[in-house]
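Dear colleague,

I am passing on the structure we spoke about, and my notes on it follow below. Please read them with the model open beside you.

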Amino acid sequence: MNEHKEIIIGMFGFGVVGEGLYKILQQTPSLNARIKKSCIKHPGKKRNAPEELFTTDKDVLLFDDEINVIVEVIDDSVAAFDIVTTALKNGKAVVSASKKMIAENLEELLQLQKETGLPFLCEAAACASIPVIRNLEEYYDNDLLHSIRAVVNGSTNFILTKMFDDKLDFQDALILAQQLGYAESNPSLDVEGYDAVNKWVILLNHAYGIVEKSDKILFTGIQNIQLRDASVAKEKGFDIKLVAQAKTLLNGKVAAYVLPQFVKLDDQLAFVKNEFNGVVIESGFADRQFFYGKGAGSLATGSAVMSDISALRYDYKYEYKKLYHHKPKELTNDFYVRVYISFNEVKSIRKDDFEWIEEWHAGLERSYLIGVIHFQKLQNTNWWKEDGVSLILTADGIIEEIDSRNAKKRSLELAGIL
Ligand SMILES: NC(=O)C1=CN([C@@H]2O[C@H](COP(=O)(O)OP(=O)(O)OC[C@H]3O[C@@H](n4cnc5c(N)ncnc54)[C@H](OP(=O)(O)O)[C@@H]3O)[C@@H](O)[C@H]2O)C=CC1
Ligand SMILES: N[C@@H](CC=O)C(=O)O
């Protein structure tokens with residue numbers, strides 16, 4: 001695109017994110033970008049913009065030769081994929097914030113970018129205002145990237161903060177997250193971890209060149225976390241966060257998941273409160289780096305969309321270096337994790353699945369254990385996701401190998417001696 005050419009945008013969606021971008025563009029004339037038309041779903045809705053801006057006919061945007069950029073910020077992943085594919089095939093650059101659509105169609109989107117040679121930018125789709133995708137793309141070498149740990153969902157982080165710091169109940173905290181524009185239209189996508197794992201699919205791709213569907217990545221959300229878990233965490237000097245993690249193991253493969261986790265109070269992620277997100281990256285020589293910023297909300301997300309639009313001026317597109325220029329990393333489930341599990345009834349727990357159990361606290365209303373389990377066992381079963389069972393990864397979650405000392409400990413425990 002010519003550096004001085006006006007950017008003429010066709011924008012799909014005028015909700016939390018779309019309206020945020022509209023306001024931002026009004027306040028940044030230096031960008032030389034304007035929204036020519038916005039396609040929405042419900043024409044009757046009252047909007048904070050002139051009526052003539054809107055249409056419900058997608059072709060008015062997709063087949064307008066003057067429009068050179070399509071911004072897609074709608075909440076329907078099937079319609080979004082159709083819009084994005086048509087736009088790219090019609091020669092238009094695309095900016096999208098729709099992580100669900102991207103995660104569901106990653107392979108096809110990669111192929112389309114290859115075929116058309118056009119930019120498809122989606123910085124807002126993961127960690128909203130934090131420029132994490134571009135950093136993973138441009139800064140980190142595949143072999144030197146040791147691990148990424150992140151809080152990637154603003155709504156669940158907001159709910160956990162409000163519940164445990166401000167003593168709000170779960171439902172009230174969720175309603176507040178919805179009113180503030182943080183939650184997805186279907187908030188169970190946030191609460192049950194789907195949104196976080198969709199973002200993780202996108203980030204694993206830019207970080208390691210991994211192309212995987214979200215159902216191949218172990219995840220859960222915060223739906224089963226209890227106030228009692230927060231008290232145990234506090235007693236032990238931890239906070240609870242929904243953490244997405246990817247770690248390169250000694251064999252070069254990558255362990256990846258999204259799970260609630262105990263986080264030490266001096267860990268950077270413990271500092272991430274409310275709708276903020278945080279990303280801790282460990283890499284060779286640079287050691288540890290921490291990215292922090294708003295992970296949801298109208299202007300915060302709009303600002304990431306704006307940054308992508310602005311990057312189009314100098315023809316920026318993702319090169320997917322880890323996928324196309326390096327040897328992409330492989331995911332593995334062959335490692336162990338140390339988990340805390342609280343439960344109402346002991347019969348909900350599959351004790352035999354554990355390599356060993358280190359702590360066992362029987363309470364009148366709720367009990368808990370801490371034990372080591374093979375990751376594949378969690379991947380293959382669902383008992384730990386059932387109502388009444390709450391699984392939280394411990395702070396030192398990943399164990400690559402177990403030694404015979406621990407196997408012996410397990411035998412003693414099974415024999416009732418420990
Ligand atoms: N909210 C946030 O903080 C963030 C959201 N996102 C993502 O951005 C996208 C938009 O989110 P958000 O703005 O919060 O959602 P909203 O629910 O606030 O807005 C959705 C918009 O999409 C429009 N829409 C739905 N279906 C269609 C369709 N088929 N054609 C045209 N327009 C359609 C709706 O139209 P109408 O107004 O007529 O109902 C509405 O304007 C989602 O994919 C979300 O996951 C990403 C990062 C952060
Ligand atoms: N619902 C999402 C919005 C941003 O991606 C979240 O809460 O993080």
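A residue is taken here as near a molecule if its C-beta atom, placed from the backbone, lies within 6 Å of it, and helices are DSSP runs of at least four residues, numbered from the N terminus. Please keep in mind throughout that this is a predicted model.

With that in place, the shell around ligand 1 holds 30 residues, of which Gly13, Gly15, Val16, Ala79 and Ala296 come nearest to the ligand. Helix α1, which covers residues 16-26, gives the most to this shell, with three residues. Sorted by class, the shell around ligand 1 has 15 nonpolar residues, together with nine polar and six charged ones.

Turning to the domains, the domain assignment of the protein gives domain 1 (7-125), domain 2 (132-294 + 320-324) and domain 3 (336-414). Ligand 1 lies between domain 1 and domain 2, because both of these domains give residues to the shell around it.

As for how those two domains meet, the C-alpha centres of domain 1 and domain 2 lie 27 Å apart, and the contact takes 12 residues from domain 1 and 14 residues from domain 2. On the side of domain 1 that touches domain 2, α4 (99-104) and α5 (106-116) each supply at least two residues, and the largest share, four residues, comes from α4. By class, that side of domain 1 has seven nonpolar and five charged residues, and no polar ones.

With best wishes

Key: Residues are numbered from 1 along each chain as its sequence is written. Chains are lettered from A and ligands numbered from 1 in the order in which they are written. This is a predicted model: local features need pLDDT of at least 70, side-chain atom pairs count only at pLDDT 80 or more; totals for chains, interfaces and linings use all residues. Ala, Val, Leu, Ile, Met, Phe, Trp, Tyr, Cys and Pro count as nonpolar, Asp, Glu, Lys and Arg as charged, and the others, Gly among them, as polar. Domain bounds come from an automatic or database domain assignment. Two residues are in contact if their C-beta atoms, placed from the backbone, lie within 7 Å.
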